Amino acid sequence: MELRQLRYFIEVAERQHVTEAAENLNVAQSAVSYQITKLEEELGVKLLERVGRNIKVTQIGTIFLQYVKSVLKTLDEAKEKVDEYLDPQAGTIKIGYPTSLARYWLPTVISAYKKDVPNVNFHLRQGSYAYLIDAVKNGEIDLAFLGPVPMKDPDLEAKILFMENIVALLPNHHPLNERKSLSLGELRTDSFVLFPKGYVLRKIAVEACHEAGFEPNITSEGEDMDALKGLVSAGIGVSLLPESTFYDSIPRFTVKVPIDTPKAMRTVGVIIPKHRDLAPAEKNFYEFLIQFFNRLDQYK
């Protein structure tokens, strides 16, 4: 069984056409057919069958296809790691991030790193809090930004990069819109717009309200930061969001007001696998992150 046979099989199976597969592979159609025939003979089963002018994957071929794609994906990733060891300045770094860090911090640190290491490549994946943790553990991504930082997970090495306040976002017609700060308890009669259940930022907001002595009246939900800000802009309710999400701009028809009591905060940082070594390109970026935020602390 040869790698090219497996790659030819995947191409034909996905396109369901030998001629198109051969054209895309830039090889002769006869070569594709010959290699797949050899593969079927070695396995002792038919992987493909002709239906009119097209090709159909057999039942066992469909099962085989799933495993082959997984194996080749692993091999391709292994080659990427070898390439990174040969040239860590031009590797590919797979990074996960939550929506709350997408607008300011993620582009800030990546653009800063690209100035020093212009040939490095980034593969970025947005995801939920739970997904990002699992993805780092199973190797789907190399590292992930998270807030708050899970410091007690035995399978992760977690580093806090900074702390940030949770602030109130109010419609601009709100009675407290001109306040320089407020007590969270002053919003007990307001309608809240928050992330759905299961989102960590909702948990932080609800726990802050509980600490202030009330249960928030959550009347609307949004699954991303822009949606929540839009709901507040429309006057649907108030929200509690990380301060860094307003660094670039504050949404129209809203005001951002700091919270005095209780002081709601979250940690923001990066996680890497504890039981798997980082490749040189990943390690370089990880060390850069720590130095980058250490320098920011010095200027505060």
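Analyst: Happy to! Domain bounds here come from an automatic or database domain assignment. On that basis the protein, which is a predicted model, is divided into domain 1 (1-84), domain 2 (89-159 + 268-296) and domain 3 (162-264).

Setting aside neighbours within four places in sequence, Leu 184 is in contact with Ala 208, Cys 209, Ala 212, Phe 214, Leu 240, Ile 259, Thr 261 and Pro 262.

How do domain 2 and domain 3 meet? Their centres, taken over C-alpha atoms, are separated by 27 Å, and the contact draws ten residues from domain 2 and 14 residues from domain 3. About 1,200 Å² is buried between these two domains, with carbon and sulfur atoms giving 65% of that area. On the domain 2 side, Ser 100, Arg 103 and Val 268 supply 44% of the area buried against domain 3, more than any other three residues.

For context, here is a look towards the start of the chain. Helix α1 (residues 3-15) has 13 residues and should span 18 Å at 1.5 Å a residue, which agrees with its end C-alpha atoms being 18 Å apart. Within α1, Gln 5, Leu 6, Tyr 8, Phe 9, Ile 10, Glu 11, Val 12 and Ala 13 are buried. After α1 comes Gln 16, with a positive phi near 55°.

Ala 13 also leads us to Thr 58: the two are 45 residues apart in sequence, yet 9.5 Å apart in space, C-alpha to C-alpha. Thr 58 sits in the loop between β2 (54-57) and α4. Its relative accessibility is 12%, so Thr 58 counts as buried, the cut-off being under 20%. Beyond neighbours within four places in sequence, Thr 58 is in contact with Lys 46, Leu 47, Leu 48 and Glu 49.

Finally, a word on confidence. The protein averages a pLDDT of 91, and 98% of the residues score at least 70. Among the elements, β8 has the highest mean pLDDT (98) and helix α4 (residues 59-86) the lowest (83).

Conventions:
Residues numbered from 1 in each chain as written. Predicted model: local features only at pLDDT ≥ 70, side-chain atom pairs only at ≥ 80, totals over all residues. Heavy atoms only, no water. Contact = heavy atoms within 4.5 Å. Helix = DSSP H or I, 4+ residues; strand = E, 2+ residues; numbered from the N terminus. Expected span 1.5 Å × (residues − 1). Buried < 20%, exposed > 50% of the residue type's maximum accessible area, 1.4 Å probe, protein only. pLDDT = per-residue confidence, 0-100. Buried area = accessible area lost by both parts, 1.4 Å probe.
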